[in-house]
Amino acid sequence: MPKNNLVEKSKPEDEFIELYAEVSAIIAEARKNAYRAVNFAMVQAYWHIGEAIVKYELQSKDRADYGERTIIELSKRLTKKFGKGFSLSNIKYMRQFYETFQKSHALRGELSWTHYRLLLKVKTDAARQFYEVESVNSRWSSRELGRQIDSMLFERLSLSKNKDKVLELSSKGQIIEKAEDLIKNPYIFEFLDIADKNDYLEKTLEQNLLDKLQKFLLELGKGFAFVARQQRITIDGNHFYIDLVFYNYILKCFVLIDLKTKKLSPEMVGKIDFYVRYYEKEIRANDDKPTIGLVLSSDKNQSIARYTLLEESKQIFAAEYRLYFPTEEILTREIAAVREGFETEKRLAE
């Protein structure tokens, strides 16, 4: 067969493959949209079930234990008729769902019933609203949402903000406009597999973070892309190694991270400052914003940070990391202590 006939024969096949791919994509998107529509319809249905239960209970409030017995019987009958999804605990969640989200038009179609069940566990309205907005904005799965709630992300982000900024955080979610908007304190690395939390090497910490890169990026926050590990820079024949290099595409800048398993020291701050200065002169492109440097240590050491992170070093930060979820009591106490330190420094400056 002539060569040109082979070419002619392959062309229709290529076109068919393209058609098949296009049609497959259309069907996949339609199914995804249908799933979302059905999912949101069920979320709305659960809200209305909760509404019906609350209204019924209000009419029967003079009968003390009647409401609870009604919920139990309702669960049994609905489960028998419709199957899974109507357990006693789930019915109670539906009631709480209505009581917490009084305006059904405010429900978000992007969120599943599992998302909303997690949101119901959040104690304050401000924090709950933040997690709801961020779940939509950042497209968190229910698992990611659960992890952010457990790590008290809202409380950590609101640490250095005044009341107006905390309200803005609650209503709009996390807005990244400047370097300090990226920083949390502490960072939570509970997902790392470090057997002895009291005795581990910096290279162990680094390796574990990269092994769990997806979870590490989630904890770092919005807009981070991994660039390099142990990036070598050479000055006058001397080699230096930057632990981790990222690029934040929201702020359009490099972020250099130095990992430490000890308390923060002036030497650590000087080292990250040196790396940032090198990046500014040798690596940063004209359209890149100023490089950010972050020292992550096992203990921030507030006093050292106060005297080594000078006001003119707007791009150098120090933060603490934890290898476990903090309890609400501990984190609340630490946040209060940090805020008290801020206020003391403010009074002294005045």
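**Note on the predicted model**

1. Leaving aside the neighbours within four places in sequence, His115 is in contact with Ser135, Trp140, Ser141, Ser142 and Leu145, where contact means heavy atoms within 4.5 Å. The structure is a predicted model, in which local features need pLDDT of at least 70 and side-chain atom pairs count only at pLDDT 80 or more, while totals for chains, interfaces and linings use all residues. Residues are numbered from 1 along each chain as its sequence is written, and side-chain values use heavy atoms, with hydrogens and water left out.

2. Is His115 buried or exposed? His115 counts as buried, with a relative accessibility of 7%; here buried means under 20% relative accessible area, exposed means over 50%, and partly exposed lies in between, with a 1.4 Å probe and protein chains only. His115 belongs to helix 4 (residues 113-119), and helices (H or I, at least four residues) and strands (E, at least two) are DSSP runs, numbered from the N terminus. The side chain of His115 is also joined to that of Ser112 by a polar contact of 2.8 Å. A polar contact is a pair of N or O atoms within 3.5 Å; within protein, one must be able to donate a hydrogen and the other to accept it, and residues adjacent in sequence count only if both atoms are side-chain atoms.

3. Ser141, one of the residues in contact with His115, sits in the loop between helix 5 and helix 6. Ser141 is partly exposed, with a relative accessible area of 33%. Ser141 and His115 are 26 residues apart in sequence, and their C-alpha atoms are 7.9 Å apart in space.

4. Helix 6 (residues 142-150) has among its buried residues Leu145, Gly146, Arg147, Gln148 and Ile149. What covers the buried residues of helix 6 includes helix 4, helix 5 (125-137), helix 7 (153-157), strand 1 and helix 10. After helix 6 comes Met152, whose phi is positive, near 55°.

5. Helix 10 (residues 213-220) contains Lys215, which is partly exposed, with a relative accessible area of 47%. In helix 10, Phe216, Leu218, Glu219 and Leu220 are buried. The C-alpha atoms of Lys215 and Phe189 are separated by 8.7 Å, although these residues are 26 residues apart along the chain. Helix 10 is followed by Gly221, with a positive phi near 115°.

6. Why is strand 6 (residues 316-322) largely enclosed by the rest of the structure? Strand 6 is largely enclosed because 7 of its 7 residues are buried. Both of its faces are covered, with Ile316, Ala318, Glu320 and Arg322 buried on one side and Phe317, Ala319 and Tyr321 buried on the other. In a regular strand the side chains alternate between the two faces of the sheet.

7. Strand 6 pairs in the parallel sense with strand 1 (residues 187-188) over 2 bridges, and Ile188 has Arg322 as its bridge partner in strand 6. Strand 5 (residues 292-297) also pairs with strand 6 in the parallel sense, over 5 bridges, and Val295 stands opposite Ala318 in strand 6. Two strands pair if DSSP finds at least two bridges between them.

8. Helix 1 (residues 3-59) contains Val23, which is partly exposed, with a relative accessible area of 37%.
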